[in-house]
Amino acid sequence: MTDADRIMLVVPARDEYARTVRLAAAELAARAGMDIDGIDDVRMAVEEAFVFAAERAAGDELSFTFLVGPGSVELTVGSLLPGSSADDTQDRGERYARFILETICDEFELIDDNGFCTLRLVKRAVETP
Amino acid sequence: MTQPRKPVRSSRRLVWDKVLTRELFCAYRLDGDQEARDTLVEMYLNLAKYLASRFRNRGEPIDDLIQVATIGLIKAIDRFDIEREVEFTTYATPTIVGELKRHFRDKGWAVKVPRRLQELSFKVNQAVDALTQRLQRSPTVPEIGEYLDVTPDEVLEALETFEAYNFVSLESDRTTDGAETFSILEYIGKDDQLMAVVDDREMLAAVLKDLTPQEQQVLYLRFFEGLTQTEIAQKHGISQMQVSRLLRKTLRVLRENLVPEGVES
């Protein structure tokens with residue numbers, strides 16, 4: 001993405017901060033020019049991403065990086081522990097996150113990063129005629 | 001069956017006497033003694049009042065809250081299992097608090113929200129529908145702000161408020177066409193993505209049991225048919241914000257059932 005503003009939020013990996021990140025994300029999606037449907041998708045995606053990331057947080061904090069450009073919002077959440085297929089709950093958590101986030105977002109990927117994992121999402125605005 | 005002792009009055013109120021409580025419960029449960037039930041209500045009214053007082057300053061008159069808490073107390077008395085080795089107060093407290101919370105949830109505002117914001121939330125909900133009709137697409141935040149003569153920040157605040165505080169109860173939402181009997185299980189094949197999340201169809205059925213047919217239908221339309229919230233709203237004659245709220249509740253239930261150790265947001 002080019003010509004994008006970068007916004008970083010570092011919050012404790014605790015559920016009560018999901019709302020903080022969601023509120024910020026809604027504002028950023030509106031700033032990117034998204035319509036109400038798009039903003040709501042971003043809020044929902046951030047909430048699911050938060051839950052997913054909190055389960056795998058390598059430390060006590062989570063770092064959300066937003067790249068906001070005209071008509072799009074990209075979110076990365078880094079320094080997550082890689083999933084373990086031996087852990088049923090975690091494995092199901094990943095499959096669930098994938099199911100929801102792949103539908104809501106235009107791009108979804110889990111990137112291996114030197115033993116850690118980064119979640120990356122992109123949501124684009126619908127072109128208005 | 002021996003008659004329960006007369007309750008002990010201590011400065012106009014009845015004290016919580018464990019032995020007497022048990023005797024009264026025995027008289028009520030085993031002999032159907034309504035007077036014993038009334039005495040229990042009277043004995044534990046202070047507990048109801050105390051719990052009601054914890055919800056004051058949320059915009060509801062304290063008398064109303066005491067009434068709600070008393071209903072919770074009566075339910076607790078009627079449901080308390082005297083065979084269980086648990087004190088009545090331990091059992092009654094969550095029942096009464098649950099009744100109070102339900103009251104706020106049904107009433108709408110779980111915490112005190114400024115009236116201005118309540119009204120704005122309602123207006124934004126209507127504006128989204130009106131603008132969707134006019135523009136034939138989902139409106140943007142600046143468009144809603146302009147329509148209502150408020151700032152984009154106020155619109156965003158109102159959107160969050162609408163969802164968080166649920167001021168139209170879900171029960172009163174209009175039911176969408178064909179939603180009375182909708183079951184997502186009938187529409188999901190073994191290759192569908194949701195089936196990849198769960199272990200088997202039985203597990204999926206167990207996960208879905210906490211969702212109403214309407215919630216299942218909205219989930220299906222959004223995540224299987226790929227409809228946008230506005231399209232679902234238009235198709236079924238409910239507002240986009242109602243669809244949003246239904247979806248969020250649905251995802252919360254799915255997440256809690258599928259990933260029980262996960263945090264709740």
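The model under discussion is a predicted one. Chain A has 129 residues, of which 45% are buried. When one takes the contacts in chain A between residues at least 6 apart in sequence, 66% of them connect residues at least 24 apart.

Chain A also meets chain B. In this meeting, 29 residues of chain A are in contact with 31 residues of chain B. On the side of chain A that touches chain B, at least two residues come from each of α1 (18-31), α2 (36-56) and α3 (88-104) of chain A. The greatest share of that side belongs to α2(A), which gives 11 residues.

Attention may now turn to a helix of chain B. Which residues of α12(B) are buried? They are Q229(B), T230(B), I232(B) and A233(B). These residues lie on the same side of α12(B), because the arc they cover around the axis is only 160°. In general, an α-helix has 3.6 residues a turn, so residues three or four places apart point the same way. The cover over the buried residues of α12(B) includes α2 of chain A, along with α6 (115-135), α11 (213-223) and α13 of chain B.

Two packed helices are described by the angle between their axes and the distance between the axes. For α12 (residues 229-236) and α13 (residues 240-258) of chain B, the angle is about 115° and the axes are 8 Å apart. The two helices, α12(B) and α13(B), are therefore roughly perpendicular to each other, and their crossing is right-handed. In this contact, Q229(B), T230(B), I232(B) and A233(B) of α12(B) meet Q240(B), V243(B) and S244(B) of α13(B). The contact of α12(B) with α13(B) contains three nonpolar residues, four polar ones and no charged ones. After α12(B) comes G237(B), which has a positive phi near 65°.

Methods: Residues numbered from 1 in each chain as written. Chains lettered and ligands numbered in written order. Predicted model: local features only at pLDDT ≥ 70, side-chain atom pairs only at ≥ 80, totals over all residues. Contact = placed C-beta atoms within 7 Å. Helix = DSSP H or I, 4+ residues; strand = E, 2+ residues; numbered from the N terminus. Axes fitted to C-alpha atoms, helices over the stretch in contact; angles between N-to-C directions. Parallel < 35°, antiparallel > 145°, perpendicular 65-115°, else oblique. Left-handed = near helix turned anticlockwise from the far one by under 90°. Nonpolar A, V, L, I, M, F, W, Y, C, P; charged D, E, K, R; others polar. Buried ≥ 20, exposed ≤ 12 C-beta atoms within 10 Å, placed from the backbone. Arc of directions from axis to C-beta.
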